Amino acid sequence: ISPTMRAAVGLWVLFAGFSAVFSHSLEYVHLEPDQSTSVPDGWKKVAKVAEDESLMLTFALKQQNVDQLEETLYKVSNPDDESYGQHLSLDQIAAIVQPSNETIAKVGKWLEMAEVTECSTVITKDFIKCFMTVRQAQRLLGNVQFNRYTDGERTVIRSEVK
């Protein structure tokens with residue numbers, strides 16, 4: 001299990017290489033230490049994205065029992081352990097790590113406040129993918145601006161903390 005997964009606290013917002021962690025009040029954006037705010041070499045800003053343009057954002061919710069999952073993974077991978085080879089199904093993993101009902105409810109309410117309704121989740125319920133306008137994303141994330149960047153071949157939308 002990666003240190004990033006272990007360190008997940010609250011709600012993570014993942015978008016185009018940025019990861020923003022919010023306090024309970026969601027009033028500020030905090031970038032993870034390993035997340036660069038600089039534009040990668042070879043890329044340049046083209047323009048600000050219009051507020052009525054659509055985006056897809058993926059939200060990662062805090063998993064529960066990550067230590068239990070890690071212990072289980074070590075056991076099923078250790079030839080000297082009686083659990084060796086008894087690998088977990090995705091449903092079993094989901095039962096261990098899915099976010100608490102409280103976390104799911106808080107995130108749902110937060111998305112609802114910004115009128116974000118077009119969302120889907122994975123079986124483990126720890127990632128939610130939502131489609132919304134830039135205006136809705138800014139309502140959710142506060143001091144974030146979305147810009148279009150290009151490397152001459154590809155164009156992407158990337159968030160920028162003001």
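A residue counts as buried when its relative accessible area is under 20%. By that rule, Phe59 and Trp110 are both buried. The model discussed here is predicted. Its chain has 162 residues, and 32% of them count as buried. The points below cover the overall layout, the nonpolar core, an aromatic pair, a disulfide and the confidence of the prediction.

**Overall layout**
- The chain contains 5 helices and 9 strands.
- In sequence order, these elements follow the pattern α-β-β-β-β-β-α-α-α-β-β-α-β-β.
- Among contacts in the chain with a separation of 6 or more, 63% are between residues 24 or more positions apart.
- The accessible surface of the chain is about 9,900 Å², and carbon and sulfur atoms account for 50% of that area.

**Nonpolar core**
- The largest nonpolar core is made of 20 residues.
- Phe59, Leu111, Met132, Leu140 and Phe146 have the most contacts inside this core.
- At least two residues of the core come from each of the strands β5 (54-61), β7 (127-133) and β8 (144-150), and likewise from each of the helices α4 (101-113) and α5 (134-141).

**Aromatic pair**
- A search of the whole structure finds 1 aromatic pair.
- The ring centres of Phe59 and Trp110 are 5.5 Å apart and the ring planes stand at 90°, so the pair is edge-to-face. The cut-off for that label is an angle over 60 degrees.
- Because Phe59 belongs to strand β5 and Trp110 to helix α4, the pair ties together parts that are 51 residues apart in sequence.
- Phe59 is also one of the residues with the most contacts inside the largest nonpolar core.

**Disulfide**
- The structure has 1 disulfide.
- This disulfide joins Cys119 to Cys130, with an S to S distance of 2.1 Å.
- Cys119 lies in strand β6 (residues 118-121) and Cys130 in strand β7, so the link connects distant parts of the chain, 11 residues apart.
- The link of Cys119 and Cys130 is right-handed, with 110° about the S-S bond.
- Cys119 has 33% relative accessibility and therefore counts as partly exposed.
- Cys130 has 0% relative accessibility, so Cys130 counts as buried.

**Confidence of the prediction**
- The chain has a mean pLDDT of 80, and 77% of its residues reach 70 or more.
- Over residues 1-30, pLDDT stays under 50.
- For residues 1-30, the model has 78 contacts beyond four places in sequence.

Note on methods
Residues numbered from 1 in each chain as written. Predicted model: local features only at pLDDT ≥ 70, side-chain atom pairs only at ≥ 80, totals over all residues. Heavy atoms only, no water. Core = buried A, V, L, I, M, F, W, Y, C linked by side-chain atoms within 4.5 Å. Buried < 20%, exposed > 50% of the residue type's maximum accessible area, 1.4 Å probe, protein only. Helix = DSSP H or I, 4+ residues; strand = E, 2+ residues; numbered from the N terminus. Phe/Tyr/Trp six-rings, centres within 6.5 Å; stacked < 30°, edge-to-face > 60°. Disulfide = S-S within 2.5 Å. pLDDT = per-residue confidence, 0-100. Contact = heavy atoms within 4.5 Å. Areas by Shrake-Rupley, 256 points an atom, 1.4 Å probe, with all protein chains shown as cover.
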